[in-house]
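Biologist: Please show me the model, and then let us go through it by question and answer.

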Amino acid sequence: MTCENNNINITIIGGSRGLGKWIANELHKDNFNVKITSRNRSSGEKIAYKMGVKYDDDNIEAIADANIIIFSVPIEYMVDTIKEVAPYAPKDSLLMDVTSVKTEPAEALSKYAPEDTYILPCHPMFGPRIPSLDGQVVILTPIEDRCRLWYDKIVYYLKNKDANLVISTPQEHDKIMSVVQGLTHFSYISIASTIRRLGISVKKSREFASPVYSLMLDMISRIVSQNPYLYYSIQKSNKQTAISRKTLIEESNRLAKLIDDDMEEEFVYDMSESAKHLDEFEEALGRSDKAISVLTHDFNYIKESIGCEIGFEHQYSKKIHIGVVESVNATTVTLRDLKNNRITLKISNINILTENEIYEWKKNNLPIHEYDVSIIFPDTCSEDILLSMFSQIKPVIDVNIKDVYNGKQIDDGFMSITFHYSVFNSEEREVVEEYLRGIGGKIR
């Protein structure tokens with residue numbers, strides 16, 4: 001894709017929510033002509049208006065002038081939607097789907113898309129909460145002789161957005177995803193269900209937990225807190241996942257029997273063989289150590305900041321909180337904000353702002369106090385060096401030299417420099433003047 005994106009019409013079937021909505025937003029930002037459809041005209045029109053894209057409640061009409069058609073509907077409706085819409089695709093248009101299952105949608109696209117069109121089944125390995133494509137995995141499963149016109153353009157666009165591209169076949173995709181998604185989700189859901197059945201308090205268990213357990217529990221919670229209908233569809237729609245589930249259950253029963261029958265050597269051998277098969281101990285240890293260090297870094301940094309000013313951005317509301325840290329425990333931090341309100345936040349829900357981010361937020365959101373101050377220095381002092389030193393005073397936002405004076409009121413060998421500066425807090429004026437006296441200046 002090039003700077004001529006505004007000449008490309010893209011219709012997203014089901015673009016009013018979830019991943020389809022995210023894709024519509026991204027493509028609109030890149031100046032493509034975007035149109036979305038939805039099952040609910042009222043909400044669809046409002047969402048389209050808010051995004052600044054077009055809307056059509058008729059899927060067939062919506063693709064009449066489309067260069068690219070993206071199907072973003074629930075898995076269980078995907079094949080039927082392709083069957084309904086694809087036959088009307090314009091000549092030379094590209095048809096894509098973005099579901100997590102590829103074999104059946106790819107077969108449907110091949111069967112129902114006209115021969116003078118092109119198809120490229122696709123699986124973005126992320127959800128609609130990510131800020132950009134940067135570093136995200138996108139799996140393409142091109143069908144031989146059905147993507148010649150568009151393939152290089154799509155690859156160029158995704159690489160230019162710094163996406164991590166994986167090229168596969170629909171069949172290979174589904175087999176591997178039966179483990180990457182299907183087996184993983186099923187395992188996590190099963191563990192969550194087991195904890196519930198055992199009546200174990202998750203909050204209490206965290207008090208006993210190692211960082212590894214806490215990290216695993218966070219991932220489990222992330223999965224089971226999502227749309228359960230979607231996760232059921234993922235389990236049902238990929239036929240390979242049934243094989244993975246069955247194998248997991250068989251292996252779990254076999255290993256449990258080894259333990260029950262006191263077959264220690266056999267259990268140890270089995271676990272060792274599995275470790276050899278995974279064959280990435282060093283890499284896995286490095287990645288997990290890094291993940292664990294991230295969990296503890298924020299807590300340690302905040303703990304060391306007690307009594308100091310710090311800034312947080314809430315991950316979900318995006319609200320900024322700036323204040324002095326009063327206390328911190330394993331899960332929360334309490335600070336006194338700029339309005340002297342006491343606020344308690346969950347550490348897991350906040351991002352720590354850098355000093356520069358805090359400064360920029362203050363500059364854009366707080367009242368700024370401006371002052372002039374005249375200081376007497378020896379006339380051998382460098383004005384540029386004095387200005388640089390003044391700008392390094394922590395509370396100072398901006399400073400410039402307003403005037404330099406060598407008149408009758410100034411002793412020989414001295415000069416008076418008038419600085420104009422700004423601070424966020426009027427009380428910080430005293431801090432500035434104390435600093436100036438400390439470096440030998442005499443305030444007039």
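Biologist: How does Thr184 count by relative accessibility: buried, partly exposed or exposed?

Modeller: The model is predicted: local features need pLDDT of at least 70, side-chain atom pairs count only at pLDDT 80 or more, and totals for chains, interfaces and linings use all residues. Residues are numbered from 1 along each chain as its sequence is written, and side-chain values use heavy atoms, with hydrogens and water left out. A residue is buried under 20% relative accessible area, exposed over 50% and partly exposed in between (1.4 Å probe, protein chains only). Because the relative accessibility of Thr184 is 28%, this residue counts as partly exposed.

Biologist: In which element does Thr184 lie, and what distance separates its C-alpha atom from that of Arg245?

Modeller: Thr184 belongs to helix α7; helices are DSSP runs of H or I with at least four residues, strands are runs of E with at least two, and both are numbered from the N terminus. Arg245 is 61 residues away along the chain. Between the C-alpha atoms of Thr184 and Arg245, the separation is 9.6 Å.

Biologist: What does the C-alpha trace span along the principal axes, and what share of the residues is buried?

Modeller: The C-alpha trace spans about 95 × 70 × 40 Å along the principal axes of the chain. Of the 444 residues, the buried share is 38%.

Biologist: How much of the accessible surface belongs to carbon and sulfur atoms?

Modeller: Accessible areas come from the Shrake-Rupley method with a 1.4 Å probe, and for residues only the protein chains shown count as cover. The total for the chain is about 26900 Å². Of this surface, the part belonging to carbon and sulfur atoms is 52%.

Biologist: Which residue supplies the backbone oxygen that lies 2.6 Å from a polar atom of the side chain of Thr117?

Modeller: Thr117 is placed in the loop between α5 (103-112) and β6 (118-119), and its relative accessibility of 1% makes it buried. Beyond four places in sequence, Thr117 touches Ala89, Pro90, Lys91, Asp92, Ser93, Leu95 and Arg146. The backbone oxygen at 2.6 Å is that of Pro114.

Biologist: Where is Asp262, and what is its phi?

Modeller: Asp262 is in the loop between α11 (239-260) and α12 (264-278). With a relative accessible area of 68%, Asp262 is exposed. Although Asp262 is not a glycine, its phi is positive, at about 60 degrees.

Biologist: What phi does Asp162 have?

Modeller: Asp162 lies in the loop between α6 (151-160) and β9 (164-167). At 47% relative accessibility, Asp162 counts as partly exposed. It is not a glycine, yet its phi is positive, at about 65 degrees.

Biologist: How far apart in space are Glu326 and Asp398, C-alpha to C-alpha?

Modeller: Glu326 is located in strand β11, residues 320-328, and at 32% relative accessibility it counts as partly exposed. Leaving out residues up to four places away in sequence, Glu326 touches Ile306, Thr334, Leu335, Arg336 and Arg342. Glu326 and Asp398 are 72 residues apart in sequence, and their distance in space is 30 Å.

Note on methods: Polar contact = N/O pair within 3.5 Å; in protein donor to acceptor, adjacent residues only side chain to side chain. Contact = heavy atoms within 4.5 Å.
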